[in-house]
Amino acid sequence: MNRTFPARTLVQRNTTPILLAALLLFITIVAEMLGINLIVRIVTVMFTSLILVLGLQLFMGNSGILSFAHIGFMGIGAYASVLFSMTPQAKQLSIPSLYPLLVPIHLPFWAAVLMGALVAALVAAVVSYPLMRLSDAAAVITTFALLVIIHVILVHWDRITNGPRTLFGVDNYTDLWTSALVSMLAIFLVYFFKESRVGLRLRATRDDAYAAASIGINMVSMRWLAFTASAFLAGLGGGLWAHFITSFSPYAFYLTETFVILAMLVVGGPYSVSGAVVGTLVVTAVREGLRGIENYLNIAQVFPQGVYGFTEVVLSIALILILIYRPSGIMGSRELRWTGFGRMKNAPEEALQAAEDAKETSAKGTSAKETSAKGASHV
Amino acid sequence: MLVLKEVHARYGAITALRGVSIEVKEGELVALLGVNGAGKSTLLGTIAGILRPWQGSIHFQNQAIVGKTPEQITRLGIALVPEGRDIFPSLTTEENLRLGAFTRKDRSEYRRDLEEMFSLFPVLGERRGQLGGTLSGGEQQQLAIARALMSHPKLLMLDEPSLGLAPALVDQIFELVARLHRSGVTILLVEQNVDRSLAIVDRAYLLNTGSIEMSGTPAVLRTHADIEGIYMGDRRRNLSAER
Amino acid sequence: MINFEFIVNTLSLGSLYAMLALGLVIIYGILRLVNFAYGELVMIGGYTLYLLTGFTPLPWVAIALFAVLVSMFTSLGTELVAFRPVREKSLTAMLITSFAVSTLLQNGALLIISPRARAVRLPQIFSESVRIAGADVPWRNILTIVVSLVMLGLLSLLLRRTTLGIALRAAADNFRMTRMLGVPANTVISTAFAISGIMAGVVSIFWIGRSASVTPTIGLPPLLVAFVATVIGGMRSLVGAVVGGYVYAIIISLLGVFLPQTLLDFREAFMFGIVILILLFRPEGLIRSKTSVERIG
């Protein structure tokens, strides 16, 4: 047997986040070197979206529950971070009716964004615990309800958000390297959550709730932890995005954005961190490409009434096709791995992957829905 | 009428059936016996088309039925009364029965059969307008069987009809099954109640962890099969009986 | 002011909400699917009204009928193309699919027609009122109530008298057993989607009848209404859905009368808070039903 150094083994077994971060680094360097303003903007925003997609992956991939509330927490993070980062004068200009208590608060950029994320996580923690015992349709509806509630509050709570009107005057603190760095950190966070004991237990509940309960896994607590963590990431992404776009309204945090983030996750594959990254890259590329076509068609007046919504039409068709033909996304359930470290193969992971594949194919052989073991009541 | 050859089936990740071969001839009353988890329900589910075997063949009246949907198999004349009865709680007794006649070509003649069912099962007649969910366990069992009969099945499969019923009702159910048999219905009966089953059937199969341990007439089974051993999970005996 | 006019208004709103809830529940009962694309069926109905009133000389009754048919066929189309292939996979896949279909339809309308609101020519009678009991009651409201009662009656007949209807109710109880009785799954599901589309189509007539214009995003408010009304009524029962619709309309109308303007804006948040509470503590809805059926979630 080869003599193995503990550190080397650690790296060998966890090449995924390193690979993904390296990929992001590569993209960042290329964008920087190209120097084209549009590309830098696209990549910067892409990284903030990636943080959101990663947050969604953390919850959805591990718990198996579709959460619609995610973008709501992005909004909370965005507004909170802005309230912390803007100067008192700027705040009084942008949000005339702001609560006097909130006016003097002024934190440096990093602290403000962090606080924004914490506020989002706090709200999630307080609100979500009772919801975590629900499953299936009930879980989806309640998270959707959460999104609506957050949206309505953001739109109507003038004294904090300036209501439905656009909030101006946010400083542009987020640049290419900032968002790149944070998204790389997010990758490590989400990956190690997945590989942690909490992540493992949560996935056990995803695969078989009854079996997991019978070995003492507290499903509700596990889900709650994941939900709070994912809200933190959503708030983080929201804060970063707010300080890039410098002006926004509550309508940026509703169903349209939800669709995009969801599409990114599903296209890439909701069950792996690599899926989140790949999906974000692919969808961003497709989207920007289509948008370019749309703009060209509009400027050239090819169609008199203008071409709008073309991008979304193509994206939604693509999403439907993926769900029909490859529901586990581009990555399947796999992570990107580097197995080239000499003779040490990632044997345990490969066996695990093989077992997962076998389960998938056997589930296709016997119709998955029909063989539900729940007896008379059907799922 | 029904022939299974070397059927292997999985239930989730568990191999539930290993090389099962059974046969049911027309007019017979055949029992599938075995403990919980032996694979009896899986076998019925495989015949009915809910589960698809990954190996082996199933022929019904010389027609291969592996791969057909449950709807198609029902239309061929196989009716399954599942464990747990699965009657429709928010439909009335009459509506439950009416739906049972769905596959019949002369569906609109169902009223005639309704009266027949009510004479066969008087208690159902009393409750014809009541919702299925308000019926007692025994009544629901009768309803489930009557509903299956409404389709005039060529083969009736019953999955543990006596499960969870009071002893007096258990008597009734077995008597009913025997009576149906006498009137010419071909029946495949899955049961845990060995004694009662052997008393009324033509033949029986003994299923143990997914494979047929033994088969034959009641007389043969009573003398040769160590039924007690199987039920008590006698490991010693199972190991030494390698054939 | 709670007067006769208010009552008729509320009843008319309740009729609309009841139909909305029905169209959503009928699919949920069988497939456990919350169809996010449901609101877009109302939008499609609205755009049909716009196109036919704007570009054809057809009489309004015919146009209204067309709108209902188009909604129905759109619903059937989405089932055939998008939902049927993912049905066997998982509930989550179906939910995401419905969300994707919703986005597709919305942006399709945006693309093909316009992102701007389009005016719809309404029939004369929608702007007329009749004097009853000393109040000016819009004909539109009376029509809403009458039409919805007719629709409810027809649906009830279908579900109670016809074999297909009984099969639908059975499928909502136990889909697998229904199939095992030989009822084709596709027939049942397609019928449910068709009914859903018809309900949405009828609603679109009177929904557009209130605003006289249609936009690509007009499907969201009806969807939200359907959600709330359905949850109030307990998601499994058709009767519950109808009652839920009326109850929701009453609550909304009363809130509109008694709540100060500042709080009124948060009305929707309040209602969805109630939705969460119901799903947490009383998932069978606020309406008691005759049989206790096993619930999930």
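So, chains B and C: 22 residues of chain B are in contact with 22 residues of chain C, contact being heavy atoms within 4.5 Å. This is a predicted model, where local features need pLDDT of at least 70 and side-chain atom pairs count only at pLDDT 80 or more, while totals for chains, interfaces and linings use all residues. On bookkeeping, residues are numbered from 1 along each chain as its sequence is written, chains are lettered from A and ligands numbered from 1 in the order written, and side-chain values use heavy atoms, with hydrogens and water left out.

Back to B and C. They bury about 2,200 Å² between them, and carbon and sulfur atoms give 64% of that. Buried area here is the accessible area (1.4 Å probe) that two parts lose on being put together, summed over both. There are 2 salt bridges between chain B and chain C, meaning a side-chain nitrogen of Lys or Arg within 4 Å of a carboxyl oxygen of Asp or Glu. One of them joins C:R179 to B:E71, at 3.1 Å, N to O.

Now A against C. Here 51 residues come from chain A and 57 residues from chain C. The buried area is about 4,500 Å², 75% of it on carbon and sulfur atoms. And the salt bridge count between chain A and chain C? It's 0.

Okay, helix packing. In chain C, helix α2 (residues 38-55) and helix α8 (residues 185-211) pack at about 55°, axes 8 Å apart. Helices are DSSP runs of H or I, at least four residues, numbered from the N terminus, and strands are runs of E, at least two. Axes are lines fitted to C-alpha atoms, for helices over the stretch in contact, with angles from 0 to 180 degrees between N-to-C directions. On the α2(C) side, the contact residues include C:G45 and C:G46, and on the α8(C) side, C:G197 and C:A200 are among them.

Over in chain A, helix α3 (residues 37-63) and helix α12 (residues 219-245) cross at roughly 170°, with axes coming within 8 Å. That makes α3(A) roughly antiparallel to α12(A). Residues meeting there include A:L52 and A:F59 from α3(A), and A:L233 and A:W241 from α12(A).

Methods. Parallel < 35°, antiparallel > 145°, perpendicular 65-115°, else oblique.
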